[in-house]
Amino acid sequence: MAATLVSNTYEPMDVDEFTDLAYSKGWTDGLPVFPPTEKAVTAMIDYLGKDPGEVVGVLSPAEGIATIEKIAINCAMAGCKPEYVPVVITAIQAMLAEEFELMRVNSTTGGPAPAAIISGPVVKELGMHYGEGAVAGSGNRVNASIGRAIRLVLWNIAQSRPGALSASTFGHIGRISYVMAERPPDDGNPWEQFHVTAADLDPEDSAVTMYPSRTQDQISAGVGGNSLADKVDVLADSITLGSFQKMLVLNPHIANAFAEAGWSKQDFRDAIMERANPWFRAVTTETLHERKDYTGQLTMPSATGPRPVREELHVLVTGGWSASPGYCLRLVTAHGQQATRKIEWKWE
Amino acid sequence: MAKLTTKTFQGMDIDDFANLAYQEGWSDGLPVLPPTEKRVGEILNYVGRDSSEVVGVIPPGEGVATMEEVALNCAMAGCKPEYVPIVIAAVQAMLADEFQLSQVQTSAAGAVPCAIISGPVVKHLGLNYDRGAASGDGTRVNGTIGRAIALILWNCGLGRAERLSHATFGHLGKYCFLLAERPPDDGNPWEQFHVSEAGLKPEDSAITMFPAGRHEQIGTGAGLQQSLDDLVTRFARGFDRLGHMHEDTHKLSVMNPLASQVFADAGWSKKQVRDAMIEKAQRTVRDLKKTGGSATKSYWWADLVDFDNDDALIPAITSPEFLSILVSGGWPSPGANCLFIDSAHGAMVTRKIDWQWQ
């Protein structure tokens, strides 16, 4: 049975007219969107079996009401299939966590883009891509359209728009579609899954972690015969202790190099944090070449109380088997903290 | 009406089109618009070129980018006809030998071409160079030109993950990556990008394609009270981390208008700022040895300094032409976020846009 929808409808128009309308109404962040037809939107709502008027949350800064119907419309514009929508809903729930600070993430000059990290059995069940080109533009519809739907929800419902409610200086190139699926334990990931480490969920759970990423920096851990200790030093050289969370995204080649030498994910994290740079503010001309070792026990302030600085670094394994340079990614937040939510959905 | 040779599909609804587009691999994952005969015809009529004219052969797939193929991808990206001369100029710039498009499209570094637009065209077409300038700001001209370039590389060049492309991670800019420069009369205190980097005239409009690998945003604190020396150091520190010390990497410093104004108000030219940053961006031999083991002298920097002197300093930027400064973005908070972009393979290429908009 078709759900009763309350959104405006437009008389049949050709797709060229729709495109012009979408831009003039501001429904898109600049890139093309599909027309959200009643057929596509209804298929999603029927799949979910939810009331279209059900409110998932109120999204800052516009205080837009994210109903199931409005979410489905944005998912349809993004090209989602109905079975992807539970992941998008979980992402929205995660961004509503107090510690995520959605208001600041959406409006600050830092202009972070929420990255969605998907982990657990859902990755294989939905056929998400975690190999070469895992970060963007691999051609995988699941990864791309889920990321795009999250972005369009923030654009249309939260109204995080530069020059309006967003003051982002540059914004972030992830503000189009930003999804990373974790490598599963049986395909190149030697360590505990992300949601287990980050949120104490069970290995058999599937989860979405939203990470307010301000930067996505690709770094090389070194070429040829550099030792594991050298790799730690090279990676830690890009980690500066400070008020924002950090993430290192390791390709499976490097993660396995450490794992085969007996390092757990926590061992790796602790080694990096011990070698990380002191506060950025202390980096002046005089201290530029004095990289002191960090051994102190700082705690960081946050929306939900102080948190130990050693736990500020998270580690994710994804991407292709790298060539010798051992490319890794370094993410840093701008306001907010990552928030993980279990995906409460069973795919048949 | 131009005569088209591409296969046509008849009378399907838009939901069917969406499924077909994914199934046929016309999209890199994000929505594309149906390239209707009407839109493609309008584009070809506007540029006044023959639909079979070859713009170039795009690696690694060696796909022949005819005007018709270019127009199809522009239509899928949502371009208005008047944006298409810029897309054509972008394709031509990427086909310059020194850009090394084949490596950019295929290598483990997973670089993506970033389009930098400068000159009068920026205001003429209404490109956004203000808040949110890096992407997803709602501006059709920024979003669709960047998208069209990406789709041409996808559909004509076939730079696709796990097939002809072996990017370890790829790059978030793969869907769309475009920066418009702030014009001289709106917050850009310096010579325009195409003038300082390519010797073109101020009244020219130009596109520069930059093979971007790393992408980082750093709060430079340009609006806080600090000495210019410390400010330069903060920029330099963004260039000399060990994970970024690669041979001949071209660095792009994208400054917001506040940061550039702080330097300009003190009387610094763009060239002076660049030279000061280069001077400070350096690391010791001791540090650099960690990036590649100490057993060999074959590393790129071994000839620059005394390999056995651990205290000797190695420049992160070995030649002035490997650092470019671009002014873009909104007026920031005092923290003054700036972008730090490094190339991976290939050299930056600038081309004048030979088109007069009416």
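Hi everyone, let me start with a spot in chain A where A:Ile71, A:Ala72 and A:Cys75 of α3(A) meet A:Val85, A:Val88, A:Ile89 and A:Ile92 of α4(A). Meeting here means being in contact, with C-beta atoms, placed from the backbone, within 7 Å. The residues of this contact divide into seven nonpolar, no polar and no charged. Nonpolar covers Ala, Val, Leu, Ile, Met, Phe, Trp, Tyr, Cys and Pro; charged covers Asp, Glu, Lys and Arg; polar is the others, Gly among them.

A quick word on the source: this is a predicted model, where local features need pLDDT of at least 70 and side-chain atom pairs count only at pLDDT 80 or more, while totals for chains, interfaces and linings use all residues. Residues are numbered from 1 along each chain as its sequence is written, and chains are lettered from A and ligands numbered from 1 in the order in which they are written.

Back to our helices. Helix α3 (residues 68–78) and helix α4 (residues 85–95) of chain A pack at about 120°, with axes 11 Å apart. The axes are lines fitted to C-alpha atoms over the stretch in contact, and angles run from 0 to 180 degrees between N-to-C directions. α3(A) and α4(A) are therefore oblique to each other; under 35 degrees would be roughly parallel, over 145 roughly antiparallel, 65 to 115 roughly perpendicular, and the rest is oblique.

Zooming out, chain A has 11 helices and 11 strands, which are DSSP runs numbered from the N terminus (helices H or I, at least four residues; strands E, at least two). Of its 348 residues, 60% are buried, meaning 20 or more other C-beta atoms, placed from the backbone, lie within 10 Å of a residue's own.

Which domains is chain A divided into? They are domain 1 (18–213) and domain 2 (215–333), with bounds from an automatic or database domain assignment. In chain A, 26 residues of domain 1 are in contact with 21 residues of domain 2. On the domain 1 side, β3 (113–119), β4 (179–181), α8 (194–199) and β5 each supply at least two residues. By class, that side has 13 nonpolar, six polar and seven charged residues.

Finally, the partner chain: 84 residues of chain A are in contact with 80 residues of chain B. β5(A) gives the most to the side of chain A that touches chain B, with seven residues. That side has 30 nonpolar, 40 polar and 14 charged residues.

How values were computed
Contact = placed C-beta atoms within 7 Å. Buried ≥ 20, exposed ≤ 12 C-beta atoms within 10 Å, placed from the backbone.
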